[in-house]
Amino acid sequence: MKLYIQGVNDERLHRPIQLIANLFFEEAELCFQANPNQTLTLAFQIEIQELLNVEVVMTSEIGRNYSSSYTAKRVQGDDKEQLRQIKQAVSRVMLTVLQEYTGIVQKWGILTGVRPTKLIHRKNIDGIKMEIAHQQLKEEHLITDEKINLMERIVKRQLAVVPDLYELRDEVSIYIGIPFCPTKCAYCTFPAYAINGRQGSVHSFLGGLHYEIQKVGQWLKENNVKITTIYFGGGTPTSISAQEMDLLYEEMHRSFSDIDKIREITVEAGRPDTITPEKIDILKKWKIDRISINPQSYTQETLKAIGRHHTVDETINKFKLARDMGMSNINMDLIIGLPGEGLDEFANSLEETKKLMPESLTVHTLSFKRASEMTKNKQKYKVAERDEVEEMMNLAQQWTTTNGYEPYYLYRQKNILGNLENVGYSVPGKESIYNIMIMEEMQTIIGIGCGAASKFIHPISGKISHFANPKDPKSYNEGYKEYTDKKLNILTELFRKNRTF
Ligand code: SF4
């Protein structure tokens, strides 16, 4: 879809315009020049005099006009804030005309960011009451009541689970990335390398990982920084052998102090084909609180189509095995909109989930990430239309409510089907604290291992900076010492400057 945009000379406004166009058209191509045909043109008029005034008139292929305008008080003496307001105004008017033109209602309004609930937390910290925050989000971002209500429920739940959420900046959480899986799923862009035939690489990787855990643990002890949560992700951390897992958790206990005071330790056991009784014994031995066993779908053909070489029965059997062996906090992930799936298949997945009743259920909406096999060969994978995806999302909401789950975290992604969201639901008391930490960006997360991204949160300003370990095991194995040093230097800088105790 080619859209001609007129009257927008400031290049800083091109990106917000592109982002809004992407919400409506799969391949939106923008031309910031005069349109020879005078069709599908959005003509903007941006004036800043006494007031900020933005208007747009869109001319369609059949000559029909759609228009919208927005007026706000001019911001004096703060260019950055003025630019923010212009961007917001341009996005709003563009969204309004494209909604009218396409008939598609964007429930998230002009919001294109990953973490909508952060907006409510920010307003909460600023002392703005929920009802006023609600109104502001509706007016400023054109978000629907339905989505604002969802955000509010989630924020309330998060604050019930972690009442000191806003006071945890002096602590950290730890993410440990293990980049191996039995096979690679078609939609995946995580660092996940098929483990078979890579034993040498796994061995060297674990050597580096132990080193990083030791060094980070030593730094935390020396600087008296507490750990809130630990999360083993990847990849599939249960792809390695039971003995390797045992040694790794032993290292964690040796290196990190006060492990009993850590609020939660999660291990993703996402692929059922990696779970064995020996590995569950090891998880129990080291008192791992929470695991994830991820069906994604209960339709066998779907699993095959997306490259997950395990059966539906295996998911069910491994869940029951973990349960019978005493694992009492199990998460399961489902994905809405997998290739070939519609409402019936998703309803079936929910029915099967009901037989197992995991403590938490994370409902993802499929997203076409640029580097995934699925995106590269998009024509091979037929996915549901927008309306059906939305129906599936509604079904998930109804089903979780009926079955005693509450939404407790939410995030959005680029190119997500139907411009919807991913929502984590949990029975009360079994929410993942790590998931809340990572989504709401309230404290530093130290990433250890392959592809692990560290996120440093400045304890006073809240400013965020990133540092990423290499994604592939070879680069990691060659450079882990250097990466560890760099990370510890950043931590030293951050915590020395800002120590508040
Ligand atoms: S199991 Fe998870 S990490 Fe592994 S390939 Fe599939 S989606 Fe990626």
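I looked up K486 first: its relative accessibility is 39%, so K486 counts as partly exposed (buried is under 20% relative accessible area, exposed over 50%, partly exposed in between, with a 1.4 Å probe and protein chains only). The model is predicted, so I noted that local features need pLDDT of at least 70 and side-chain atom pairs count only at pLDDT 80 or more, while totals for chains, interfaces and linings use all residues. Residues are numbered from 1 along each chain as its sequence is written, and side-chain values use heavy atoms, with hydrogens and water left out.

I then placed K486 in helix α15, residues 473-498. Helices (H or I, at least four residues) and strands (E, at least two) are DSSP runs, numbered from the N terminus. I also checked F467, which is 19 residues from K486 along the chain; their C-alpha atoms are separated by 8.8 Å.

Next I turned to strand β13, residues 360-365. I found 6 of its 6 residues buried, so β13 is largely enclosed by the rest of the structure. S360, T362 and H364 point one way, L361, V363 and T365 the other way.

I looked for the partners of β13 (two strands pair if DSSP finds at least two bridges between them). Strand β12, residues 330-336, runs parallel to β13 and is joined to it by 6 bridges. In this pair I found N331 opposite S360. Strand β15, residues 422-426, runs antiparallel to β13, with 4 bridges. Here V363 stands opposite V423.

Last, I traced β12, helix α11 (residues 343-356) and β13, which make a right-handed β-α-β unit. Right-handed means that, with the strands pointing away from the viewer, the path from the first strand over the helix to the second runs clockwise.
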